Amino acid sequence: MIPTVLAAALMALIRSLAALRLQRWHLGAPATMVLAGILVGLSVEDSVAAALNTEVAQHVAEIILAFLLFVDATEIRGGRLWGNSPRLVARVLLIALPLSLGAAMLLGKLAFPGLSWALMLVIACVVVPIDFAPSEGVVRDGRLASRVRSVLNVESGYNDGIVSPLFLFALLLAGGSTTLHTPAEALTSAAGQAVKAVLAGLVIGSLVAWLLHRADRAGWTTGQSRRIAVLLTPLIAYTAGVEIGGNGFVTSFVCGIAFRYVHRVLVARRRAHRSAIGSHEVVLLEDVTTLMTMTMWFVVGLAAVVTVELGVTWQAVLFCLAALTVVRIVPVLLALTGSPLGRKDRLLLGLLGPRGTTTIVFGLIAYNSLPDGDRADAVLQTTVLSVLGSVLLHGMCSEALIRRTAGR
C-alpha cells in the first residue's frame, strides 16, 4: 500500500509541476493519473482487487463524492442558481437526463441480459452523469456560445446531485449490502433518507453561512479560518446526514445550495464591508477537491488492471461506447427540440459530455456494496470502460471537436 500511495503522490506532483506543458499536449490530470495507475497496478496486480474492494476504500470514495457534490452546488458560474439559461437547463436536467437513464437501462439489458433491471439502473446511474471537473477549460472556452457554456456548467454541477438518491435507491433494490429486496421497501427507505437529508442540508448550509457571516462581521475570523470553515462544511454535512439516517450525498448537495444562497444574500446586504466573504474563501476547498479527484483518476488506472484480468467482453465495450455517445446525444437533441439554440449548439451540448469523478465514485461504491460475482464485476467493467473511453473521446479530442463544430 505504501509504494502505491507514494507512486500516486509522485505522479500528482509531477503533473502539478508540468500542468501547463501537459495541457498544451492535451494531457490533463485524467490521462496522466490514469496512466500512472495502470503502471502501478501492473506491478502490484495481485493486491489491487483486494484494495479496491474494502470498506475503507468505499468510505473514502463516499467522502470524496460528498465534497464534489458540495463544490458543484456552490460553484455554478453565472451568478444565478440555475445559470443564465434556466429554461435550457430545465430541458437538459428534467427531460434529457431521465431519457438518458432510461436508454442506458434498455441498452444495458441488451448487453447484459442475465442481470436484473435494478442492476441496470445502478449501471445507468454510474455511466450517465457528466462531470467537467477534470475539463474546466471546456466550460470557459470563448468559442462556445455563452448559453452552451452556462448549460454545461449547471448540468455538470447538478446532475450528480439529482442522480445520487436514485443511485442509492437502485443499489438498495439490487441488494447491495442490505436485506431490502422489494421496490416498495427500497423506495420507502430511500425516500425517508432523502427527506432527512434535505432538511439536514438546508439547516446546516444556512446555519454555517449565517455563522460565518456573523463571525466575520464581528471580526473573529481570519482569511485562513474562513477557508477552513468552508472546507469542513461538506464533511460535517455528509457525516451528520449519515448519522441521522439520511442520504449523506443529498445532505452535502443541498447544504451546498443553501450555503451558496444564504451566503450570497448576506454578502449582497453588506457589499461595503471590507472583509465580506468572497470567492477566495473557497480556494482551499477547490484545491483539496482537485487533489481528491486526481486520486480517483489514479484509482481508475488501478481498476483498469483488475478489469483486464476479469476479461473485457465486446458487449461491455459496445455498451460503454453507446453510453458515451447516443445515450447522451439523442436525448439532448430531443429535449432541445424547439429551443432557441441553433443546430450546432444543440449538437455540441450532446457531444460535450465527459464522464469523470462522479462515475468513478458511484462505480466504486457499487462495486464494494454488491456481493462478489457477476454483478460487481459488471459494474466495475462498465465504470472503467466508460471513464477510459471518455478520457480519449472527451478529454483528448474536445479541442478538435470544439474547433470543428463551434466554428467560432
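This is a predicted model: local features need pLDDT of at least 70, side-chain atom pairs count only at pLDDT 80 or more; totals for chains, interfaces and linings use all residues.

Student: OK, how many helices and strands does the chain have?

Tutor: There are 18 helices and zero strands.

Student: And what share of the residues is buried?

Tutor: Of the 408 residues in the chain, 52% are buried. The accessible surface is about 18,100 Å², and carbon and sulfur atoms hold 66% of that.

Student: What about contacts, how much comes from residues 24 or more positions apart?

Tutor: Counting contacts with a separation of 6 or more, 81% link residues 24 or more positions apart.

Student: Switching to rings: how many aromatic pairs turn up?

Tutor: Five in the whole structure. One of them is Tyr158 with Phe253, edge-to-face, at 5.6 Å centre to centre with 90° between the planes.

Student: Which helices does that pair tie together?

Tutor: Tyr158 sits in H8 (residues 146-173) and Phe253 in H11 (residues 248-269), so the pair joins parts 95 residues apart in sequence.

Student: Are those two buried or exposed?

Tutor: Tyr158 and Phe253 are both buried.

Student: Now the helix crossing. How do H3 and H12 meet?

Tutor: The axes of H3 (residues 29-43) and H12 (residues 283-310) come within 7 Å and cross at roughly 45°. The two helices are therefore oblique to each other, and the crossing is right-handed.

Student: Which residues make the contact?

Tutor: On H3 they include Met33, Gly37 and Gly41, and on H12 Trp297, Phe298 and Gly301 are among them.

Conventions: Residues are numbered from 1 along each chain as its sequence is written. Side-chain values use heavy atoms; hydrogens and water are left out. Helices (H or I, at least four residues) and strands (E, at least two) are DSSP runs, numbered from the N terminus. Buried means under 20% relative accessible area, exposed over 50%, partly exposed in between (1.4 Å probe, protein chains only). Contact means heavy atoms within 4.5 Å. Accessible areas come from the Shrake-Rupley method with a 1.4 Å probe; for residues, only the protein chains shown count as cover. Rings of Phe, Tyr and Trp (its six-membered ring) pair if their centres lie within 6.5 Å; planes under 30 degrees apart count as stacked, over 60 as edge-to-face and the rest as tilted. Axes are lines fitted to C-alpha atoms, for helices over the stretch in contact, and angles run from 0 to 180 degrees between N-to-C directions. Angles under 35 degrees count as roughly parallel, over 145 as roughly antiparallel, 65 to 115 as roughly perpendicular and the rest as oblique. A crossing is left-handed if the near helix is turned anticlockwise from the far one by less than a right angle, and right-handed if clockwise.
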